Amino acid sequence: MKSLLRFKAKLAPVYGLVFIGPSPPLFALGHLLQHLCCYSGVATQWQNETGSIKCNDMLNEFTTYCYQRDLPRAMKALNSLQTHKIWADAVTYSELIKCCLARGAVEQGKRVHQHVFSNGYEPKTFLVNTLINMYVKFNMLDQAQALFDQMSDRNVVSWTTMIAAYSSAKINNKALEFLILMLRDGVRPNMFTYSSVLRACDDLSNLRQLHCSILKVGLESDVFVRSALIDVYSKMGQLECALCTFNEMVTGDLVVWNSIIGGFAQNSDGDEALTLFKRMKRAGFSSDQSTLTSVLRACTSLALLEVGSQVHVHVLKFQRDLILNNALLDMYCKCGNLEDSHQIFTRMIEKDVISWSTMIIGCAQNGFSRKALELFKEMKVSGIKPNYITVLGVLFACSHAGLVADGQYYFRSMKKLFGIDPGREHYGCMVDLLGRSGKLDEAVKLIHEMECEPDAVTWRTLLGACRVHRKMDLAEYAAKQIIKLDPSDAGTYILLSNIYAHTHKWEDVVDLRKSMRERGVKKEPGCSWVEVNKQIHAFIMGDNSHPQIEEIKKELNQIIWRLKEVGYVPDTNFVLQDLEGEQMEDSLLYHSEKIAVSFGVMSLSREKTIRIRKNLRICGDCHLFAKLLAQIERRSIVIRDPIRYHHFQDGICSCGDYW
């Protein structure tokens, strides 16, 4: 309409035409103008301008739909552009590609790719990079690689996109190869290139070479690069290198703080993680969800409930995400506080398989097997599919509740029911379940039927069952298997030595002790931690460095005296057999957990739970000590060793006297 009116204005003075009165119908006016133009040469001009206007209208329509993220209409408009051999600008196409990514529209994305390369059109490098990124996000690396190979002009974005893609896909050799090719091509890597390729490093020598390259180009101060360096050093267990990288310059970014705190927390060095967290707070940085998740992991590894509860207060300031909620759950479960973990779990709006698995395993490890199995049923009803860890928790719960039939059912059908192949840990749970039930022959048979080679942990599980059921011959066999696989396991040497002593095999005792000396095997000293008034007090057997040690020993002696009045007799079966009489009892008396419990009795009110964390398995004598003390003092005592959580109350332990 507008174009016809413009031509009307142009032609009127040329041909002396005067349009009087109402405008004629458009089709008549158009016919008249075309008729006049054919004699004047104006037709060509009119057609060109009309075509140009039509092109602009199509482009404007296409652009509008792309920016509005209206994918169906945008694709329809794209077809019109294709028909008329019209191309939009690169930015508009990038908006359409973003829309395809948001909708997961793979076919539409491919259609955009075909269009921008059709009829000899050569898109800009920016647009080709966007298409490569699209294929990467769709996990179509072959297509991304093919498009990358077609590029005549590759810039740093092109190379970095491919390096990041291979790094994310864990195709580490490709990511490193592309960095070398990029340098040969004369393209200089930037901070994003290095931060991506660093995460592809699984070899310390490669990492150190990259670190040197980063120092040469002066990118070591970049937030992304430093964070990646710290992360990778931490994952390789090179915590000193990670800390050196962190300490090289003043840190002005929370991302770097989070990397170093997370590195130590993930490597179970909770002390250093908490120390770094305090440094961060003193430096004036505020925590975010990532910081708090790492700090909660540190509290979990140390079983620091009071400190973890303090961190929980900081968590309340944030809109909690799923990862943070799961970290809270794990902390409370592993600190033996199932009441708080259950409250958090029931209030969580979103739960994933990690949430459910954490609660199931938490209940099982703390001795509440029936509750764990109830949660498993609720999980299946909720529609969440169990994973490898979930089934492990279920089998663990069955073993602690003596549910042999249920455990065997889940173990035999886990592949069919959940698509999960049994691993070493699942076999270990079944050995534990059968061993607890006294079915030791079946346990041995299962070990020999394992699809994977049994490890030291599997044999230790059998050894524990043999100890409980007094199967000395089988215990000796299991202990020898452990020593073959783990020659430095001092606990097994000592247990085997005691087995020989009980059966009067004194020559074997001598030979075993000689073997220990030759191999340099020494028993790790027992260490126990107790948290009092937000302070950690550590006690090591034979160490008298605690400022209140004399008072603690006096309290311990009084406790022992009161326990003996109700029938406590120290169980010297848990002492090395080269000690005699009172020496045996004295050795038992100063086990680290007894000292820690005594300090807890001195320092905490009767209403507060005494919570102990120790580095070695609790011995039978200390277990009996804690049970009787909880009964006569009417206290609640929780001892967490590397294997079990023991809740002592009213003379009963949640483990059912089996660990």
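**Figure 1. Lining of the second largest cavity, to which α28 (472-485) and α29 (490-502) each supply at least two residues.** The model shown is predicted. The lining is made up of M472, D473, E476, I499, Y500, T503 and K505. Helix α28 gives the largest share, three residues. Sorted by class, the lining holds three nonpolar, one polar and three charged residues. The space in the second largest cavity comes to about 30 Å³.

**Figure 2. The largest cavity, with a volume of about 60 Å³.** Strands β3 (610-614) and β4 (637-640) are the elements that give two or more residues to the lining of the largest cavity. Of these, β3 provides the largest share, three residues. The residues around the largest cavity are A303, K334, C335, G336, R611, I612, R613, V638, R640 and Y645. Five of the lining residues are nonpolar, one is polar and four are charged. In the predicted model, the count of cavities of 30 Å³ or more is two.

**Figure 3. A nonpolar surface patch made by Y67, V91 and F126.** The patch covers about 290 Å². One of its residues, F126, lies in helix α7, which spans residues 125-137. The relative accessible area of F126 is 44%.

Definitions and conventions: Residues are numbered from 1 along each chain as its sequence is written. This is a predicted model: local features need pLDDT of at least 70, side-chain atom pairs count only at pLDDT 80 or more; totals for chains, interfaces and linings use all residues. Side-chain values use heavy atoms; hydrogens and water are left out. Patches are made of residues with over 30% relative accessible area and no salt bridge: like charges are joined within 9 Å, nonpolar side chains (Val, Leu, Ile, Met, Phe, Trp, Tyr) within 5 Å. Accessible areas come from the Shrake-Rupley method with a 1.4 Å probe; for residues, only the protein chains shown count as cover. A salt bridge is a side-chain nitrogen of Lys or Arg within 4 Å of a carboxyl oxygen of Asp or Glu. Helices (H or I, at least four residues) and strands (E, at least two) are DSSP runs, numbered from the N terminus. Buried means under 20% relative accessible area, exposed over 50%, partly exposed in between (1.4 Å probe, protein chains only). On a 1 Å grid over the protein atoms alone, a cavity is a set of points where a 1.4 Å probe fits but cannot get out, and a pocket is an open set with protein on both sides within 12 Å along at least five of seven lines; lining residues have an atom within 4 Å of a point. Grid points are joined across faces, edges and corners, and a volume is the space filled by probe spheres set on the points. Ala, Val, Leu, Ile, Met, Phe, Trp, Tyr, Cys and Pro count as nonpolar, Asp, Glu, Lys and Arg as charged, and the others, Gly among them, as polar.
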